[in-house]
Amino acid sequence: MLQILQSELETGGSGAGISYYSTIAECSRKAALAKDAERYYNATTTGRDVGTIGHKLLEYYHGKREKEIAILTSDIALQEASDEAGRLFNAYTQAHTVDFFGEVLQTERFFPTEAEVVAVEAAVGIKPFTGRIDLVAVVRLADVERLQKVPGLEELTAPGIYLVDHKFKGKRDSNALLIYNNSPQFTAYMACYNAIADDAGAPHCQGMIANVIVGNKTPVFEKYLVKPPAASQIVALRTWLAWCKQRENDNQPNWISCFNYHRPCEHMLSGRCTKE
């Protein structure tokens, strides 16, 4: 179990997804260095580790895999991050049932499978493109009535399939809804899911929910509903991803990104990037 977790801490994300292309947009040198198997271990941060451990706990919780939760929580070596993730997880389970979002169809739904590659490429316009949806749920009519009473989900009016993305945050963000409504991740995930559904003759998703866990002294839980993207949003996403793809092999440093939120880039600090 610990080996699985450490692998996710090292490699992050789904591989060639939004996080990867966002790093290219930020700095193609950083993206090139991040392909190295050593990445992040010398620059790991408690905040990201809390999110990784927390995601794994929520995967097992909503997937009704109690045994894995017990194994994971007894096996974690990253003590500081483990304690914080455990604190947030315990508070979360007191406020959310396993079927809070409806009938859970899948957790950690990786895409594309081999059969889905063509549909995903058609949706986003590049390859490879990968993603991992934290939770896929069927919201039933009774769930709609219940979820509409949850702050942030008042506009959830239709039963059907919804995607859920877990977000672990250190503080609340007054611009959260604006951010998620303009998120390339949310746009891409819904576009890809619906393209895959079209190929399979299956129903589209009705939207995507940001399930935000804020690590205050008393944890805060926020929900934000994002409707499926308009055609213009998908066109804009495809244009941006194509631009990122063109820069993929540039290996050029972006000096503006050497200090992100006043924090120095780990590759500059380690000497692996000399900005040349």
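**View 1. His62, a buried residue in a predicted model.** At 2% relative accessibility, His62 counts as buried (under 20% relative accessible area, with exposed over 50% and partly exposed in between, using a 1.4 Å probe and protein chains only). His62 sits in helix α4, which covers residues 46-62 (helices are DSSP runs of H or I, at least four residues, numbered from the N terminus). This is a predicted model, where local features need pLDDT of at least 70, side-chain atom pairs count only at pLDDT 80 or more, and totals for chains, interfaces and linings use all residues. Residues are numbered from 1 along each chain as its sequence is written, and side-chain values use heavy atoms, leaving out hydrogens and water.

**View 2. Who His62 touches.** Leaving aside residues up to four places away in sequence, the neighbours of His62 include Phe101, Leu135 and His166 (contact means heavy atoms within 4.5 Å). Its side chain also reaches the backbone oxygen of Val98 at 2.8 Å.

**View 3. Thr52, also in helix α4.** Thr52 belongs to helix α4 and is buried, with a relative accessible area of 14%. Ser82 is 30 residues from Thr52 in sequence, and their C-alpha atoms are 9.8 Å apart in space.

**View 4. Where helix α2 meets helix α11.** The axes of α2 (residues 18-26) and α11 (residues 231-247) come within 9 Å and cross at roughly 65° (axes are lines fitted to C-alpha atoms, for helices over the stretch in contact, with angles from 0 to 180 degrees between N-to-C directions). Among the residues making this contact are Tyr21 and Ile24 of α2 and Trp240 and Cys244 of α11.

Notes:
Helix = DSSP H or I, 4+ residues; strand = E, 2+ residues; numbered from the N terminus. Polar contact = N/O pair within 3.5 Å; in protein donor to acceptor, adjacent residues only side chain to side chain.
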